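I opened the notebook today to walk through a few spots in this structure, one at a time. Have it open beside you and follow along.

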2 protein chains.
Amino acid sequence: MTPEISNKMASLHGSMIRELFKLGADPSVISFGGGNPSAETFPVKEIEEIAAKVLTDNPVSVLQYGLTEGYTPLRDTLKKYLAEKEGFDFNKNELFIVSGGQQGADLTTKVLVNEGDVVLTEEPAFVGCLNTFRSYGAKLVGIPMQQDGMDTAALESTLAKLSEAGEKVRFLYTIPSFQNPTGITTTESKRQEVYRIAKEYDIMILEDNPYGELRFAGKNVPTIKSMDTDGRVLYCGSFSKTMAPAFRIGFLVFDKSLTSPLNVAKQCTDVHSNVLFQYICNEYMTKYDWNAHLENSRKVYRHKASLMLENMKLHFHPDVTFGSPEGGLFVMAFLPGGMDSYPFVREAINRGVLCVPGSAFLADPAGHSNGFRLNYSSPTDEKIVKGIEILGKLTYEWIEKH
Amino acid sequence: MTPEISNKMASLHGSMIRELFKLGADPSVISFGGGNPSAETFPVKEIEEIAAKVLTDNPVSVLQYGLTEGYTPLRDTLKKYLAEKEGFDFNKNELFIVSGGQQGADLTTKVLVNEGDVVLTEEPAFVGCLNTFRSYGAKLVGIPMQQDGMDTAALESTLAKLSEAGEKVRFLYTIPSFQNPTGITTTESKRQEVYRIAKEYDIMILEDNPYGELRFAGKNVPTIKSMDTDGRVLYCGSFSKTMAPAFRIGFLVFDKSLTSPLNVAKQCTDVHSNVLFQYICNEYMTKYDWNAHLENSRKVYRHKASLMLENMKLHFHPDVTFGSPEGGLFVMAFLPGGMDSYPFVREAINRGVLCVPGSAFLADPAGHSNGFRLNYSSPTDEKIVKGIEILGKLTYEWIEKH
């Protein structure tokens with residue numbers, strides 16, 4: 001028999017990036033394709049120390065079934081931290097531990113979206129979450145990114161049109177800080193504007209902030225969640241880039257009215273998240289120097305981003321444009337307008353350098369993009385220099401030929 | 001604003017058991033309510049040993065992003081093990097690592113079920129998975145359990161009726177070995193009959209086998225998956241009861257045609273499962289004495305089950321019936337026909353003993369049941385003896401009064 005696939009999954013294809021990730025495992029390829037944090041930022045010694053101690057002193061506490069909403073001491077630590085740092089109000093909000101930021105998006109969609117509802121996304125946007133929304137049968141509508149964040153005029157006119165067409169818009173998905181894939185940070189005034197428009201059209205916002213702790217330049221910008229006066233914003237954070245991705249530990253902050261449905265959704269999905277790593281996150285945040293650790297990670301990324309950007313300025317054809325990310329793991333470069341980056345990226349791979357075509361990040365998977373995403377966090381310095389030189393050479397050939 | 005909840009989640013309530021689990025944390029309560037494996041079965045020393053070694057020798061290998069389908073060496077080990085032990089054919093089948101057995105059910109439902117499709121379940125059945133099916137908008141139809149497994153005549157007549165009514169039945173959910181909540185093991189001939197009927201009506205089967213390794217009495221019965229000649233059976237296993245639940249590691253075996261959609265579904269949900277614990281499972285299965293470890297766990301459960309059953313025979317009113325599980329963690333007792341167990345369980349809780357009313361496990365959440373589930377794996381011997389005595393006394397009072 002050939003099993004019939006559900007409508008929502010039948011048309012959905014795997015993330016191009018997860019597939020490239022496999023190509024990138026070939027050691028002869030220079031990969032700017034993945035989104036791995038730099039392994040040198042993992043607090044390996046401390047993880048080992050904390051794990052060894054609890055597995056000796058109190059193993060059952062981290063091996064038996066845990067609570068669906070998460071390990072209570074970690075939830076308390078995060079609430080305190082986010083109240084102080086971001087001004088979140090935990091009289092009105094609740095916080096759950098989730099299995100990585102991805103599950104934050106998964107549970108949010110399960111709880112809020114009916115098949116056929118619209119989810120608005122930045123365009124380009126993180127493809128992993130686009131696929132999550134698609135997997136619940138959401139219709140995706142993209143709002144173009146500008147250098148200072150989403151095009152809020154387009155957001156407003158799109159909402160007006162959708163409203164007129166009788167479409168049900170459930171939420172707007174945004175990564176306001178060091179966006180994946182563009183590296184762009186939305187300005188404070190645009191964040192306020194986004195919130196105002198969401199309020200006007202009565203839609204929710206899913207603010208995804210996996211890179212927020214990795215600001216290595218510029219000034220801090222308040223989160224949209226910190227502007228939220230009426231429980232409209234769900235805020236998702238992650239330990240994937242601050243501790244280690246294989247922990248699969250993230251957190252979701254949301255209005256208390258969503259506590260029960262999110263609890264049930266989490267029960268239905270994986271019962272609870274890994275307890276040992278929740279324990280390690282809490283011990284590390286409370287008994288070690290969390291800020292010094294983050295500062296060290298920022299230093300690593302500041303260096304790697306500078307190195308890549310300097311070499312891009314040096315080697316890329318002057319008609320290729322790109323911004324200057326203030327944090328996170330990515331920068332996106334753009335071929336001259338109208339050029340599709342997909343064949344360019346294929347040729348780059350032929351020459352041994354992996355990056356991701358912008359089309360992978362579009363709401364419409366058949367769309368075209370002149371952008372290509374470069375990751376600077378995982379390659380070594382030598383590979384950054386060599387890979388950008390190869391890509392730079394290709395930009396000259398490509399632009400002359402096309 | 002009061003966020004609007006998606007249709008499929010709005011009517012769904014949390015697992016009564018997860019809520020009871022919280023009550024059971026009160027040390028003065030004797031809890032037969034949860035489903036925790038016995039902590040004395042966790043191979044604590046070896047987990048500690050393996051974790052310490054890999055976190056010292058090769059930490060990045062277990063901390064960086066991993067593959068969606070799972071840690072390759074563990075997948076290979078499990079394929080070899082299941083091919084030898086259960087006769088699975090991995091030329092035709094594939095195996096993914098999932099975040100606990102619960103995620104096996106979640107991904108299966110995401111990939112196979114459209115809203116409004118029917119999922120058939122044993123009645124009573126594991127409520128965690130019933131809620132998973134509900135969370136995708138499936139309509140649940142229960143097939144009554146008998147002492148030797150599901151009522152196959154009812155299965156056939158129900159399928160005939162549903163087919164006539166034009167209902168789309170996607171799959172049958174079953175725990176054939178040491179079922180949760182009843183403790184019943186489906187006989188080999190009934191398994192063959194279930195498979196034959198599934199084939200006749202062209203439906204899939206989700207065979208959930210979290211307790212399969214915990215047989216402490218009677219003879220092994222082949223899995224339904226081992227009878228599967230046409231790729232109709234998805235088989236789900238778990239390390240929650242053989243290693244430790246907080247690992248959140250399980251596995252799903254399925255026809256190769258489902259590889260791509262299940263991969264995408266897993267990407268969308270949590271990207272991949274925790275790598276360290278996948279590594280520990282593989283090391284433990286390949287470098288330690290897996291069979292001796294399982295034999296030790298079986299010994300623990302054999303003792304605990306015997307103790308509970310002996311005391312039930314001694315103390316329960318003779319009109320209360322129950323079977324004799326050959327493995328797993330549970331036994332279900334039944335008040336005389338027609339009696340609802342819910343008020344009985346409420347009164348038991350008043351007297352300091354927690355168990356779960358059968359109504360928690362029904363396809364129709366408003367239904368009634370005369371059964372109540374008892375877990376013997378987590379309470380101490382002393383609590384088993386004392387708790388069953390209290391319950392026994394209550395059965396006499398209850399039956400005389402009602």
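How many bridges join S11(A) to strand S14 (residues 371–375) of chain A? I found 5 bridges, and the two strands run antiparallel. The model is a predicted one, in which local features need pLDDT of at least 70, side-chain atom pairs count only at pLDDT 80 or more, and totals for chains, interfaces and linings use all residues. Residues are numbered from 1 along each chain as its sequence is written, chains are lettered from A and ligands numbered from 1 in the order in which they are written, and side-chain values use heavy atoms, with hydrogens and water left out.

**Entry: strand S11 of chain A**

I took helices (H or I, at least four residues) and strands (E, at least two) as DSSP runs, numbered from the N terminus. Strands pair if DSSP finds at least two bridges between them. On the S14(A) side, I saw that A:Met332 has A:Arg373 as its bridge partner. S11(A) also pairs with strand S10 (residues 321–322) of chain A, in the antiparallel sense over 2 bridges. Buried means under 20% relative accessible area, exposed over 50%, and partly exposed in between (1.4 Å probe, protein chains only).

**Entry: A:Asp340**

Next I moved to the loop between S11 (330–334) and helix H13 (341–350) of chain A, where A:Asp340 sits. Its relative accessibility is 23%, so I logged A:Asp340 as partly exposed. What does its side chain reach at 3.1 Å? I found the backbone nitrogen of A:Tyr342. A polar contact of 2.9 Å also links the side chains of A:Asp340 and A:His368. For such a contact I needed a pair of N or O atoms within 3.5 Å; within protein, one must be able to donate a hydrogen and the other to accept it, and residues adjacent in sequence count only if both atoms are side-chain atoms. Leaving aside neighbours within four places in sequence, A:Asp340 is in contact (heavy atoms within 4.5 Å) with A:Leu335, A:His368 and A:Ser369.

**Entry: A:Arg232**

Is A:Arg232 buried or exposed? I have A:Arg232 down as buried, because its relative accessibility is 3%. A:Arg232 lies in the loop between strand S7 (204–208) and strand S8 (233–238) of chain A. Its side chain makes a polar contact with that of A:Asp230 (2.7 Å). Not counting residues up to four places away in sequence, A:Arg232 touches several residues, including A:Tyr195, A:Asp202 and B:Met1.
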